[in-house]
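Reader: Please show me the sequence and the structure. Then we can go through them by question and answer.

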Amino acid sequence: MDLSLVIIVVCLVLAAALIVVFIVFGRSEGAFTLDIGGASPRASGGSDSSSDKTLSSRLIGLAVTVGGIFSVLVARLWTMQLVSAEEYTEKAESNRTSTIYTQAPRGRILDRNGEEIVTNRSSLTVTAVSDVLDDEVEVTLLANLIGMPVQAVRRKLQDTTQGYQSRRTVSVDVSRRVVAYIGEHPEVFPGVSVETRAQRYYPHGSLAAHVVGYAGTVTQEQLEESESAGEGQVQYRSGDVVGQTGVEARYESVLQGVRGEQVVYVDAHGNVTGQASGFDPQSGSDLVLTLDIKIQRAAEESLAKVIQQVRDSGKVGAGGSAVCLDCTNGEVLAMASFPTFSPSVFVGGISTTDWEALQAEDANFPMLNRCIAGQYPSGSIIKPITTMSALDYGLATAQSSWYCTGWWTWSGDLSEAAGMKCWGTHGGVDLVSGITYSCDVVFYEIGKGFYLQNSEGMQETYRRYGLGSSTGIDLPGEEIGRVPDAAWKWEYFKSLGYSDEDATWQGGENCNLAIGQGDLLVTSLQMACAYCSLANGGPVYRPHVMKGVRSRMGDGYVSEYRVEKIMDIEEDPAYRDIVARGMWGVVYEEDPAQTEHWTNLDVTVRGKTGTGEQISADRAIGWFGAYGPAGEGDTPRYVVVANIDGVVSGGSSALLVVRDVFGAIYDQPDTSTAISTGVD
Amino acid sequence: MAQEMTGPGTGHGLLSSLAQRVKGGAGGSHVGKKGPLEGVYLTQLIPTLLILILSVITMLSCSMALGTVSLFNHVAGMALGIAAAVVIWRYDYRNLSNLTTALFVVSCVLLALPLVPGLGVEGDLGGLGWVHFGPFRFQPSEPAKLVIIALMASACAQYNGKIESFADYAKLCGTLLVPLLLILVTDLGTGLMIFFSGATIIICSGAPRGWILATIALIVGVAALVIITSQIEGIPHILQEYQLARLTVFLDPEGTASEDGYNLQQAMIAIGSGGLLGKGFGNASQALSGFLPAAQTDFIFATYAEQFGFVGSVVLLALFAWMIIATVLLAMKVESTFSKLMLVGCAALWTFQVLESVGMCIGIMPITGIPLPFMTYGSSSMVTQLAAVGVVQSVWHHRQKVA
């Protein structure tokens with residue numbers, strides 16, 4: 001550098017000297033023209049002057065041409081270097097800079113006590129510079145060492161999704177042996193190195209898989225969506241890991257970190273020649289869920305256990321769900337769905353066969369979160385709400401009573417063949433015992449009463465309790481179920497091409513609806529919310545799984561879920577007493593085999609069994625919904641609803657799951673093995 | 001008034017002042033004082049030396065970034081060239097004026113040398129125009145340029161500025177055509193230079209305008225015929241497709257997926273991104289990081305313009321214009337027709353080289369590997385260009401002085 005400085009200084013001095021020389025001596029040269037150029041042709045005579053004139057004019061023409069050529073050059077330079085300079089500068093910049101991206105680790109997902117459900121682990125990753133591609137021997141050696149096909153290694157080396165100058169990821173999660181070998185033989189593997197990278201890790205395996213969801217490589221649609229999104233949104237790049245379902249997707253913006261960007265200078269061969277600017281990756285924020293791992297695990301294990309029992313007994317046992325809410329604020333303490341899946345299969349990309357297995361119908365759709373997307377007829381667990389409706393609209397009172405022979409007809413003439421069955425023979429029943437023993441005759445009568453007096457009243461009550469609409473839980477993919485009414489039936493059946501008669505709402509359908517059958521569809525989360533209202537005596541808070549976003553420093557939250565009351569259903573306290581009494585009876589009176597499961601629990605629980613017939617699938621879905629503590633003077637805190645698809649009854653299946661969840665809450669496991677035989 | 005008009009200004013200023021003086025006839029005063037530098041024509045020498053200084057600075061930046069460039073070689077070439085120029089300056093060029101036949105033979109021999117088996121070698125860029133004598137390699141076409149200028153000057157000077165017979169005119173054209181055909185075989189660029197200088201000499205030597213225009217029309221017609229037949233299937237092609245593409249790529253560099261198109265784009269990015277003041281010495285991200293190929297040779301102007309911007313480019317072009325116009329001015333002033341035509345040949349040579357070498361970089365001329373005088377890396381060209389300066393200085397040195 002010093003030498004070149006000297007050369008430049010010498011050059012400048014020389015240039016200055018030359019100019020001075022010209023100024024001092026150059027002036028005299030002009031005068032020369034006058035003496036010779038002008039004077040002598042004149043003396044030479046006429047004949048010469050014409051040829052001399054031609055020559056002179058041609059020389060002037062030459063000079064003008066030279067001037068013209070230089071003017072054109074300068075004009076062109078003017079447009080390039082002054083007018084369009086910016087455009088060219090941009091091109092030059094994009095030529096000489098290149099950006100290298102570094103993935104930011106995603107935020108962790110924790111349970112309410114701070115225990116990790118989803119975290120990151122460092123994985124040993126073999127990376128290589130793209131130049132390795134040119135060395136056939138090295139590629140082959142590397143492939144043999146890692147145990148990959150040579151062609152696969154070559155494809156990985158050609159992958160430029162992380163930027164053209166970035167190191168290529170050859171293999172993730174390599175063994176220590178590979179790491180040691182590469183470390184010991186650097187001369188064999190120039191350009192290859194081992195890095196530790198963050199990968200999604202699930203310390204509890206598939207626990208809460210449906211809630212947390214999974215993260216996977218960004219899809220084409222997500223890429224396009226993020227491109228069209230405005231400033232401030234996460235801009236994805238091909239190859240980014242993005243939340244696809246569950247909390248991973250819903251709170252993507254919290255969990256997704258900021259990818260690191262290093263802008264480097266490169267030469268024409270792509271060699272990095274210097275660092276321009278950049279910032280380090282910033283990991284995503286930790287998300288705290290409302291889930292309690294202990295309760296969640298109990299719910300999942302119990303579901304799996306009970307469904308296994310159901311299957312052992314010869315029933316289908318296709319799937320099930322269980323949800324546990326804190327009814328005082330809507331926090332989801334447990335949300336389990338069966339069958340489940342392992343989110344870890346998505347780490348580093350899922351194989352096609354694995355993906356197809358997860359989507360398959362004969363595997364009972366393991367990816368489906370049945371708590372929010374499994375829509376089934378509610379069966380008898382709707383009866384407390386039907387009771388409220390009957391009392392509200394004056395179709396029944398505390399004094400109303402009916403007589404159940406096990407057979408019911410619209411006209412009251414029991415000899416008619418066209419009628420409906422009750423699952424048992426209950427004799428004289430009132431509203432309380434109607435709930436307790438789940439007597440269908442009581443509710444057929446209520447349904448008939450509504451049909452005759454107020455054909456939409458029952459549906460209105462159901463809707464007031466949140467059925468047929470979204471709960472607004474902070475998870476993607478929630479279904480809203482269906483509360484059927486005359487208008488719906490007309491539209492639905494007409495669109496399928498049925499006759500007017502077939503599309504008309506029938507009285508029997510009101511009766512079916514009153515016992516949670518027919519075209520009614522609900523999710524277990526909707527039923528849990530409806531039971532929250534029963535437990536709370538009115539209010540329902542929006543169910544949610546997000547408790548807050550952890551601050552990077554310390555234990556506090558940078559943002560917390562704002563509890564929101566979504567419903568506050570007014571009922572006469574006397575009506576509530578009737579329903580509560582009936583639900584107490586379900587647990588402690590209906591069936592000794594049921595009661596046996598609850599007497600070994602210290603707290604009082606009120607609940608309702610249900611068994612919904614699914615005509616289309618020719619199998620029954622068993623339900624149990626309960627809340628507790630619900631003794632005299634207790635303030636209920638927990639609402640648990642479970643269902644299992646393909647069972648004999650709710651009391652023999654879902655009830656056991658709910659009991660196990662309460663067992664986990666109060667650390668009092670169920671010691672009874674009694675199985676109820678009732679099919680209500 | 002004369003004092004005001006004869007300042008060291010640009011060529012245009014000098015030109016107009018001269019034109020006035022030619023018209024106005026005798027007048028003004030003769031400066032009889034003989035300075036220490038009386039033997040050199042400073043008006044042409046000073047801009048040449050300033051260009052050499054810029055050349056050293058540019059090549060210094062290249063040598064720092066590009067491994068293949070040696071500043072020492074460049075400066076050594078300059079020294080050799082200056083030595084040659086001094087020799088020529090002292091030699092009385094007028095001795096050449098009667099050696100037409102000898103010059104013709106010498107030029108043909110020089111141009112035929114690379115075609116002799118055993119002597120011709122391939123150049124760095126694959127060109128055929130090189131020969132080797134023992135350890136030395138050079139391009140005989142380079143000195144041949146000067147020889148042909150002398151040849152044409154001596155041939156045309158016989159007619160004393162007035163060609164009256166068409167046979168004479170045809171003979172002159174034929175004299176130029178022979179070496180031209182020899183060089184066109186190996187090196188189109190050099191051939192064009194020789195053609196341009198030779199044709200300018202013929203034009204300035206007083207050939208009637210009608211003949212010149214007819215000749216130009218003939219050349220254009222032949223060229224058009226060559227290009228058209230080269231594009232028609234089934235007819236023997238004189239120019240291959242790639243050769244045609246090379247000539248036309250400058251019209252649409254981005255639309256052509258060829259190496260030339262890419263090179264031209266990079267050159268234009270280099271020049272354009274230089275902006276008003278340039279990126280500064282050594283900071284040429286385009287030229288000096290390998291994006292611009294042949295940064296020290298064919299695209300040397302882009303390398304210079306990227307570093308020194310519009311201001312630097314205008315300074316360099318002004319220096320070229322100054323030295324060329326000064327040469328033309330001298331041609332107007334000197335007595336002998338031979339001297340005039342020698343100067344015209346040199347001026348035309350430089351003009352064409354600047355036009356082509358700079359014009360190619362900025363996308364207004366076809367891509368050919370013509371060196372920019374005094375700037376391009378390579379000793380053959382440097383020596384020839386400085387020798388041409390020596391010719392101009394020799395003309396001044398041996399001018400007829402007023403008794």
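Reader: Which residues does Lys156(A) touch, leaving out those up to four places away in sequence?
Author: Contact means heavy atoms within 4.5 Å. Residues up to four places away in sequence are not counted. What remains for Lys156(A) is Met148(A), Arg168(A), Thr169(A) and Val170(A).

Author: This is a predicted model, where local features need pLDDT of at least 70, side-chain atom pairs count only at pLDDT 80 or more, and totals for chains, interfaces and linings use all residues. Residues are numbered from 1 along each chain as its sequence is written, chains are lettered from A and ligands numbered from 1 in the order in which they are written, and side-chain values use heavy atoms, with hydrogens and water left out.

Reader: What is the C-alpha separation of Lys156(A) and Thr169(A)?
Author: Lys156(A) belongs to helix α7 (residues 150–158) of chain A. Helices (H or I, at least four residues) and strands (E, at least two) are DSSP runs, numbered from the N terminus. Thr169(A) is 13 residues away from Lys156(A) along the chain. Their C-alpha atoms are separated by 6.5 Å.

Reader: Is Lys156(A) buried, partly exposed or exposed?
Author: Buried means under 20% relative accessible area, exposed over 50%, partly exposed in between (1.4 Å probe, protein chains only). Lys156(A) has a relative accessible area of 39%. That makes Lys156(A) partly exposed.

Reader: How much of chain A is buried?
Author: Chain A has 25 helices and 23 strands. It holds 680 residues. The buried share is 51%.

Reader: Why is helix α21(A) described as largely enclosed?
Author: Helix α21 of chain A covers residues 507–514. Its buried residues are Gly507(A), Glu509(A), Asn510(A), Cys511(A), Leu513(A) and Ala514(A). They pack against several elements of chain A, among them α16 (383–392), α18 (440–453) and α20 (486–495).

Reader: Which residue just after α21(A) takes a positive phi?
Author: The place to look is just after α21(A). The phi there is about 75°. The residue is Gly516(A).

Reader: Which strands stand at the edges of the 5-stranded sheet in chain A?
Author: The sheet is open, with antiparallel pairing and the order β12-β11-β23-β22-β21. Two strands pair if DSSP finds at least two bridges between them. Each edge strand has a single partner, so one side of it is left without a neighbour in the sheet. The edges are β12 (331–338) and β21 (606–614).

Reader: What is the bridge partner of Ala322(A)?
Author: Strand β11 (residues 319–326) of chain A pairs with β12(A) in the antiparallel sense, over 7 bridges. The partner of Ala322(A) lies in β12(A). It is Ala336(A).

Reader: What angle does helix α5(A) make with β1(A)?
Author: An open antiparallel sheet in chain A has the order β1-β8-β9. Its edge strands are β1 (97–102) and β9 (272–279). Helix α5 (residues 85–96) packs on this sheet and touches β1 and β8. With axes as lines fitted to C-alpha atoms, for helices over the stretch in contact, and angles from 0 to 180 degrees between N-to-C directions, the angle is about 50°.

Reader: Which residue in β9(A) is the bridge partner of Gln262(A)?
Author: Strand β8 (residues 260–266) and β9(A) pair in the antiparallel sense. Their pairing runs over 6 bridges. The partner of Gln262(A) is Gly278(A).

Reader: How many aromatic pairs are there over all chains?
Author: Rings of Phe, Tyr and Trp (its six-membered ring) pair if their centres lie within 6.5 Å; planes under 30 degrees apart count as stacked, over 60 as edge-to-face and the rest as tilted. By this rule the count over all chains is 28.

Reader: Which geometry do Trp78(A) and Phe310(B) have?
Author: This pair crosses between chains, from helix α4 (residues 46–83) of chain A to helix α12 (residues 300–333) of chain B. Trp78(A) is partly exposed at 47%, and Phe310(B) is buried at 9%. The centres are 5.6 Å apart, with 80° between the planes. The pair is edge-to-face.
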